[in-house]
Amino acid sequence: MRFLLLFSRQGKLRLQKWFTSMSDREKKKIIRDMTTMVLARQARSCNFLQWKDLKIIYKRYASLYFCLAVESQENELLALEIIHRYVELLDKYFGNVCELDIIFNFEKAYFILDEFLMGGEIQETSKQIVNRSIEASDMLQEAVTAYLNIKFQKCT
Amino acid sequence: MPAVSKGDGMRGLAVFISDIRNCKSKEAEVKRINKELANIRSKFKGDKALDGYSKKKYVCKLLFIFLLGHDIDFGHMEAVNLLSSNKYTEKQIGYLFISVLVNSNSDLIRLINNAIKNDLTSRNPTFMNLALHCIANVGSREMAEAFASEIPRILVAGDTMDSVKQSAALCLLRLNRTSPDLVPMGEWTARVVHLLNDQHLGVVTAATSLITTLAQKNPDDFKTSVSLAVARLSRIVTSASIDLQDYTYYFVAAPWLSVKLLRLLQSYPPPEDAALRSRLTECLETILNKAQEPPKSKKVQHSNAKNAVLFEAIALIIHHDSEPTLLVRACNQLGQFLQHRETNLRYLALESMCTLASSEFSHEAVKTHMETVINALKTERDVSVRQRAVDLLYAMCDRSNAKQIVAEMLSYLETADYSIREEIVLKVAILAEKYAVDYTWYVDTILNLIRIAGDYVSEEVWYRVIQIVINRDDVQGYAAKTVFEALQAPACHENLVKVGGYILGEFGNLIAGDSRSSPLVQFNLLHSKFHLCSVPTRALLLSAYIKFINLFPEVKATIQDVLRSDSQLRNADVELQQRAVEYLRLSCIASTDILATVLEEMPPFPERESSILAKLKKKKGPGKLPDMDDSRRSVNGSTEHSENTDTTNKGSTHSFTDVLNLNSTPSSGASLLIDVFSESSAPPAAIDVSEENFPRFVCKNNGVIYENQLLQIGLKSEYRQNLGRMYVFYGNKTSTQFLSFSSSSPPQLNVHPKAADPMIEGGAQMQQILNIECVSDFRDAPVLNIQFRYGGTLQNIAVKLPVMLNKFFQPTEMMSQDFFQRWKQLGAPQQEVQKIFKAKHPMDTEVTKAKILGFGVALLDGVDPNPANFVGAGVIHTKTTQVGCLLRLEPNMQAQMYRLTLRTSRDSVSQRLCELLSDQF
């Protein structure tokens, strides 16, 4: 895998993860290319695109697009399921995840991703084990919750 | 309540984020951010020491600001401080900040590395995982240097926790991708292979990823993984879906692991062991059978995971390319998918069939799906699917179906998306040329291309059609007639005017007998387009006119009037003006004889490679086809110089030569092309290149490079600076003649003109001389192709010539002090390459010395404090540059190992020299 991007329907970037080192300029260009390319796709098109020598696999969940770039020999369908597994993990953690969760808890979204992927390869495919280790790390944290109040203000 | 209630909300951060979201404009956002940055800066600079929580909060805010797309130039130190906190959340934020905002600031890297080191040795699995993640996320060379030898130890240590093993495996994988030279191979590799037997499937998955990557570089070291992978795969494939508990994904048993195992097996040829092989075949059959079973779930995740395994199995079947039944089954399966209602599956089936089409076992089976694919081209709504259909049609095309496929592609071109038009044009042009049985069809096809998609017809395409028409006299009359007819259209594409102008200028006489296309009619037709064309086309037309004067004396006066008009003679464009003046003058003063000589028909173009193919390859990008760059960079002689062998008009500008001298353009890329026109029996790529004796020539220049029952090839070579000369001796070992003997050396080499005789008598020897010039540093050696007839059969032999980078060494003597000074100057990490390896031969000092001298460097005595070590220096000469090189070889008698270190100013040179030399001991 080369990178994973999450962006909204308006093209706002919500999460970026790069699995190879790249300059900021390259990153910005890729983000621009990906958002324009993916957002221009019609509904019910296939989930795969060829972009330079990479395969782009994208899928929309509610208001968010998940966009993953993999090398040409990688398996597209399984890449699609990597996205789905990540969404499941976010769902489990946030309880029916929405875009706001990822905006306000961006660091959590990164941590969960790190439990699941590493260096561009899948690290743990068992949902139970990933969830357990995310929960375990939460137990290590000091419990203060102000975020929830804010979330409620935003939602109402 | 969601799980976040256990979390650590940072109120300040949440407030800040919602402030940003409430900003009505970009300016307001920037203002709010600047205010926050000022606040954080003052907090960080303040006298009062910040507690961990505040530090974490501010660092997190900085991270948020950075991820919004703003620059952050401070806070790194605070983030590094967080790393040594013993509160998990603080450490975690610290690591996240470092991972996202790596800074090459060297002081900081040292501090970061220290913190990582502490965490790695903490024996706390959570901390160890954080540290490993940080290394993998950053993956920089400095980190590789610091940890590449430590991580394998963690990976194979008996007491390491499973989760840490997984992280360690993937971390090592990442480091191996970025700095493969720094990851030491050693006894740990054998133990990594055995992780494939681990009970924990997560560990197996991570280990498989690592082994797959490592095995691609050192297949021999990981050979034993094949049987383990097959065994593991077989157990998964035959397991009931509940056996694997949480590793079952939507009723599919361990899809990720299965796919990874299948990928690993693609690094190797089919297993030789019969039992193992049949076990693998069984697995693949089971996977194919499962595709026919009814789905266990209606969820798309189920079918995706199941088909992911299926596609990977098919990829392995294609890779092995040895079991015809499996190949045909795979093809049938893909055929089913071609008509599946899921767009994704149709897309993947088209893609996968493309590779299947190149296997001789399944090529015919793929062809049976042609109608479906053509239909996909017409009916698919999604452009990326249509593009795959075009690719597949291209791949399945052969002589039997070329006419239909080309016709379909042409008709698709009329409605094709602009984004893929150029590619289709190139593909049509290539197929039309490659499979043309009769060249009238070829000419028609290309003219159609220009008519339908003129804007997308690149220069290469129309150059090519002209080259072909000029070289084949059977098609010239037809071509002239056809372009003449095509030019009748009131609006025709400028590319057609170019082709028409050129062809009528050369062969207009072939149709001049018909009064409907008399010389004057031809000229008027061309000239009616003149004013609508760009300058280069007008220049070409002027050349066509002067050719007309030679072909048809009866229109001379008309053409001279045109040339004489103010719009030509006083044209603002200097190129056009010059042509008009010169051509007019030429037509006035030259006798018909001279005119006929100067304006003679173009001689046939040398049968050169089609530049269209190169263009397609370039368009496809490096991933799709093998990387050709290296071969272009290799020992290169004539190709780059022949750019401008000029024609008659010395004074004219460059664009002029380009227009007339068609063959000057493709030269830059020429060496990497395949000549699709050549009828000669087998393309060189089809023969195995002999390189068995190649390594013996690294440290010496003379010897036998190739021998079989018929032929022996000996070499003598000498090198000076960037030039070399190689004498090749072909010895006929039989008692009969070799007939039609020819040897073609790669285009990169200058071959001496007095090359090979077409015949070698029985028992005789023939000599050939090759001149070599090293243009820039290179990896791949040139290949010599030899062809001759012995008895009734044509023999093809390809031999890799031992032209290596080190041949262009000039030894350099220097004193100890100089040596160390230069050694230090070449201290940047990418300039050094080091390799530790086991001795393959007895470790004899004298032999080693001879080899180092033979390698080309000077052996320096008294430089290394340890007299057992060897130190050498030399300069590599290439045409463009010189590369200084220092080397040091440290034998370790006890361990029977060597350590070789090379430092040069170029990493590619260091790398290549190290590979060459380390193989010799």
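Select B:Met77 to start; this residue sits in helix α4 (residues 76–83) of chain B. Helices here are DSSP runs of H or I with at least four residues, strands are runs of E with at least two, and both are numbered from the N terminus. The model is predicted: local features need pLDDT of at least 70, side-chain atom pairs count only at pLDDT 80 or more, and totals for chains, interfaces and linings use all residues. Residues are numbered from 1 along each chain as its sequence is written, and side-chain values use heavy atoms, without hydrogens and water.

Stay on B:Met77. Its relative accessible area is 39%, so it is partly exposed. Buried means under 20% relative accessible area, exposed over 50%, and partly exposed in between (1.4 Å probe, protein chains only). Now show its contacts, that is, heavy atoms within 4.5 Å. Leaving aside neighbours within four places in sequence, B:Met77 touches B:Leu108 and B:Leu111.

Next, select α2 (residues 26–45) and α3 (residues 52–67) of chain B. Their axes come within 11 Å and cross at roughly 145°. Axes are lines fitted to C-alpha atoms, for helices over the stretch in contact; angles run from 0 to 180 degrees between N-to-C directions. On the α2(B) side, the contact includes B:Ile33, B:Leu37 and B:Phe44; on the α3(B) side, it includes B:Tyr58, B:Leu62 and B:Ile65. The contact residues divide into eight nonpolar, one polar and four charged. Nonpolar covers Ala, Val, Leu, Ile, Met, Phe, Trp, Tyr, Cys and Pro; charged covers Asp, Glu, Lys and Arg; the others, Gly among them, are polar.

Move to α29 (residues 535–551) of chain B. Its 17 residues reach 24 Å from first C-alpha to last, close to the 24 Å expected at 1.5 Å a residue. The expected span is 1.5 Å times one less than the number of residues. The helix is mostly covered, with twelve of the 17 residues buried. Among them are B:Leu540, B:Tyr545, B:Lys547 and B:Phe548.

Zoom out to all of chain B. It has 39 helices and 17 strands. Of its 921 residues, 55% count as buried.

Finish on chain A. Here there are six helices and seven strands. Along the sequence they follow β-β-α-β-β-β-α-α-α-β-β-α-α. Buried residues make up 63% of the 156 in chain A.

Note on methods
Chains lettered and ligands numbered in written order.
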